[in-house]
Amino acid sequence: MDNPDPMPILPNMENISDILIVGAGLNGSAMAIAAAQAGFRVTLVDSLPTATRRLPAFDGRSYALALASQRLLSAIGVWGAVRDSSQPILEIKVSDGRAGEGASPFFMHFDHAEIEEGPMGFMVEDRHLRRAFLDQIKAEDRITYIPEETVITQEVHATHFVVTLASGRDLAARMIVGSDGRQSGTAERAGIKRTGWDYGQTALVCAIEHEKPNNGIAHQFFMPAGPLAILPLTGNRSSIVWAEKTETAAKITQMSDSDFLDALRPRFGDFLGQIKLAGKRFSYPLNLTLANSFVADRLALIGDAAHGIHPIAGQGLNAGLRDVGALVEVLVEARRRGEDHGTRPVLDRYEGWRRFDSATLALATDGFNRLFSNDNALLRLGRDLGMGLINKLPRARRAFIREAAGLTGDVPKLLQGKPV
Ligand SMILES: Cc1cc2nc3c(=O)[nH]c(=O)nc-3n(C[C@H](O)[C@H](O)[C@H](O)COP(=O)(O)OP(=O)(O)OC[C@H]3O[C@@H](n4cnc5c(N)ncnc54)[C@H](O)[C@@H]3O)c2cc1C
């Protein structure tokens, strides 16, 4: 192999790949599959063993996938394995609320029928999604998957990148993609700083079983301490994402399951009838963390490594899948033009596409959270009137629905369901 780099590729170096992906979470896995299908030779490394990604039982975690994200999963051959267990999101209802008082009479109601594209999105359980990704990774000849290995150092050279694993093994690639989550070591080692702050809120996450059907309706209640989302799963089940002030959340986390349900009930009333837990309870401290740059020499960040946002609108994974679609498209385009896909001018095109959008989304979710996680009477009146007004304007309603479905802005081809 030609090696014009003055720093020689190490003698014990394994075959150099086109793209080395650090982190096989949902975004890293999607990136590996999409890049491999576009013809790149990919190495995918993750600290976790495969077994922890292949949990057969429902553990209570699930995601709201926008319609555009579903199109990407379809385009990379993963959707078929999760379709039957997914729940279409047909309507979204947003309202102000207080524990014990139920929802305010001012609310916004969005119905997918207004945009004629299909459901706004789909609820998918974490266990199904992870298994589908793993199966597809195994099916791709161009992916070398290395579980149970942690990247500990990285070094950029003129023509390639070298990472060293905790086991002492070295791997080389033309570029690396950091999809290693909110505390991205890939970003840190490259000297990329982050901007962000703590929300002083923790998300309590679980699934519930209920007496009455959810009819595919997602509810978002804005409570003074933080938003409460009730998202429809298949059968008479829903996923709960309940943001509370961190001190309160710590107390709730300590509660028995039955005390937890007693605390939850008055917050959304009895419109679903009797409720009980389905699966485990999780808690996630909430913060905002935005990488000051999404690229460096021969390096790009995607997903939470680039932008970790508030889950208020359920957009974190959706934003990461947009990164995947945009980065793969930019890399394919570069290869078509005969460019070295790891060079800065190429990666700058990815950053130009995604960074402004991601910062806007991060700040919008931040602003919503501040506006709504507040019991100030004047703010409450203002937002209730605002919601009442938007609800009466069909054009504003349709714009919201298209936004929630991920159909606005410069949508990458894969998220339009088209090949790159
Ligand atoms: C409460 C809550 C609810 C949410 N709900 C939704 C929703 O409904 N819809 C939605 O779109 N999004 C949602 N999100 C956001 C979504 O969960 C995340 O955006 C997404 O899971 C991030 O995936 P990722 O692959 O970028 O990172 P991660 O899932 O953090 O994966 C990072 C991976 O990198 C690996 N890793 C780290 N360091 C190394 C290393 N040095 N070497 C090797 N491997 C390494 C880790 O083992 C891990 O597997 C929610 C988030 C929260 C907190």
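Two strands pair if DSSP finds at least two bridges between them. Keep that in mind for leucine 204, whose bridge partner in strand 17 is serine 283.

This is a predicted model. The protein has 420 residues, and buried residues make up 55% of them. Its secondary structure comes to 11 helices and 20 strands. Among contacts with a separation of 6 or more, 74% join residues 24 or more positions apart.

**Strand 12 and its partners**

- Strand 12 covers residues 194-210, and strand 17 covers residues 282-291. These two strands pair in the antiparallel sense over 10 bridges.
- Glutamine 201 has lysine 245 as its bridge partner in strand 15.
- Strand 16, residues 275-277, is joined to strand 12 by three bridges. This pair is antiparallel too.
- Glutamate 209 has lysine 276 as its bridge partner in strand 16.
- Strands of a sheet pair through backbone hydrogen bonds, either parallel or antiparallel.

- An open sheet of three strands has the order 3-7-4, with antiparallel pairing.
- Strand 3 (62-66) and strand 4 (87-89) are at the edges. Each has a single partner strand, so one side of each has no neighbour in the sheet.
- From one strand to the next, the twist averages 30°.
- Strand 7 covers residues 121-125 and pairs with strand 3 over five bridges. The sense is antiparallel.
- Leucine 65 stands opposite phenylalanine 122 of strand 7.

**Helices on that sheet**

- Helix 2, residues 67-75, packs on the sheet and touches strand 3 and strand 7. The direction of helix 2 makes about 95° with that of strand 3.
- Helix 4, residues 126-139, lies across strand 3 and strand 7. Helix 4 runs at about 85° to strand 7.

**Helix 1 against helix 4**

- Two packed helices are described by the angle between their axes and the distance between the axes.
- Helix 1 covers residues 26-37. The axes of helix 1 and helix 4 come within 10 Å and cross at roughly 30°.
- Angles under 35 degrees count as roughly parallel, so helix 1 is roughly parallel to helix 4.
- The crossing of helix 1 and helix 4 is left-handed.
- Helix 1 brings Leu26, Ser29, Ala30, Ile33 and Gln37 to the contact. Helix 4 brings Asp126, Leu129, Arg130, Phe133, Gln136 and Ile137.
- The residues of this contact divide into six nonpolar, three polar and two charged.

- Alanine 132 is in helix 4. Its relative accessibility is 6%, so alanine 132 counts as buried, since buried means under 20%.
- Leaving aside neighbours within four places in sequence, alanine 132 is in contact with Val78, Ala81 and Val82.
- Alanine 132 and valine 78 are 54 residues apart in sequence. In space they are 5.9 Å apart, C-alpha to C-alpha.
- Glutamine 315 lies in the loop between strand 20 (307-308) and helix 8 (316-336). Glutamine 315 is buried, with a relative accessible area of 16%.
- Leaving aside neighbours within four places in sequence, glutamine 315 is in contact with Ile309, Leu361 and Ala404.

**Two loop residues with positive phi**

- Glutamate 148 has a phi near 55°, a positive value in a residue other than glycine. Glutamate 148 is found in the loop between strand 8 (143-146) and strand 9 (151-156).
- Glutamate 148 has a relative accessible area of 55%, so this residue is exposed.
- Arginine 298 has a positive phi of about 60°, although it is not a glycine. Arginine 298 lies in the loop between strand 18 (295-296) and strand 19 (299-301).
- Arginine 298 has a relative accessible area of 5%, so this residue is buried.

Notes
Residues are numbered from 1 along each chain as its sequence is written. This is a predicted model: local features need pLDDT of at least 70, side-chain atom pairs count only at pLDDT 80 or more; totals for chains, interfaces and linings use all residues. Side-chain values use heavy atoms; hydrogens and water are left out. Helices (H or I, at least four residues) and strands (E, at least two) are DSSP runs, numbered from the N terminus. Axes are lines fitted to C-alpha atoms, for helices over the stretch in contact, and angles run from 0 to 180 degrees between N-to-C directions. Contact means heavy atoms within 4.5 Å. Buried means under 20% relative accessible area, exposed over 50%, partly exposed in between (1.4 Å probe, protein chains only). Angles under 35 degrees count as roughly parallel, over 145 as roughly antiparallel, 65 to 115 as roughly perpendicular and the rest as oblique. A crossing is left-handed if the near helix is turned anticlockwise from the far one by less than a right angle, and right-handed if clockwise. Ala, Val, Leu, Ile, Met, Phe, Trp, Tyr, Cys and Pro count as nonpolar, Asp, Glu, Lys and Arg as charged, and the others, Gly among them, as polar.
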